[in-house]
Amino acid sequence: MSGTPYNSVQEAFQQIMSELTGDLHTDTAQIEDSSSKSFVFLDSKTINLILLYILMNKELQLTRLTNRTTPSVLQKNMVEEIDKMMKENKQLFEEILSDWKK
């Protein structure tokens with residue numbers, strides 16, 4: 001009697017496995033009919049990680065594009081300072097030239 005529950009569990013397990021692998025074989029046959037010959041089985045955690053990576057990568061690309069197109073406050077301040085210095089230097093240079101001509 002002790003062997004009977006074990007055998008029935010084992011038989012049930014084999015039946016379930018054959019049903020699952022049978023589905024895989026029919027899916028594989030359908031895939032072989034199409035042009036693609038490759039497939040991958042992923043668990044939900046792996047799929048979530050891949051999706052998270054894709055989303056983070058897109059967000060990083062958008063951030064980089066935004067930073068390229070809009071100048072930062074520091075860049076604006078530097079440009080303003082350089083323009084101011086160039087104007088001052090131009091005025092000083094013109095004064096020196098006018099003094100030299102006199």
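Modeller: Gladly! In this predicted model, buried residues make up 0% of the 102 residues in the protein chain.

Colleague: What makes a residue buried, exposed or partly exposed?

Modeller: Buried means under 20% relative accessible area, exposed over 50%, and partly exposed in between, with a 1.4 Å probe and protein chains only. Val40 has 65% relative accessibility, so Val40 counts as exposed. Glu88 has 40%, so Glu88 is partly exposed.

Colleague: Where are Val40 and Glu88 found?

Modeller: Val40 lies in the loop between H1 and helix H2 (44-69), while Glu88 is in helix H3. Helices are DSSP runs of H or I with at least four residues, strands are runs of E with at least two, and both are numbered from the N terminus. The chain has 3 helices and 0 strands.

Colleague: Which residues form the nonpolar patch on the surface?

Modeller: Val40, Leu42, Ile47, Ile50, Leu51, Tyr53 and Ile54 do, with about 680 Å² of accessible area together. Patch residues have over 30% relative accessible area and no salt bridge, and nonpolar side chains are joined within 5 Å, like charges within 9 Å. A salt bridge is a side-chain nitrogen of Lys or Arg within 4 Å of a carboxyl oxygen of Asp or Glu.

Colleague: Why is the patch of Glu80, Glu81, Asp83 and Glu88 called negative?

Modeller: Asp and Glu count as negative, so the patch formed by these four is a negative one.

Colleague: How confident is the predictor?

Modeller: The chain averages a pLDDT (confidence per residue, from 0 to 100) of 76. Local features need pLDDT of at least 70, side-chain atom pairs 80 or more, while totals for chains, interfaces and linings use all residues. Residues are numbered from 1 along each chain, and side-chain values use heavy atoms, without hydrogens and water.

Definitions and conventions
pLDDT is the predictor's confidence in each residue, from 0 to 100. Accessible areas come from the Shrake-Rupley method with a 1.4 Å probe; for residues, only the protein chains shown count as cover. The place of a charge is taken as NZ of Lys, CZ of Arg, CG of Asp or CD of Glu.
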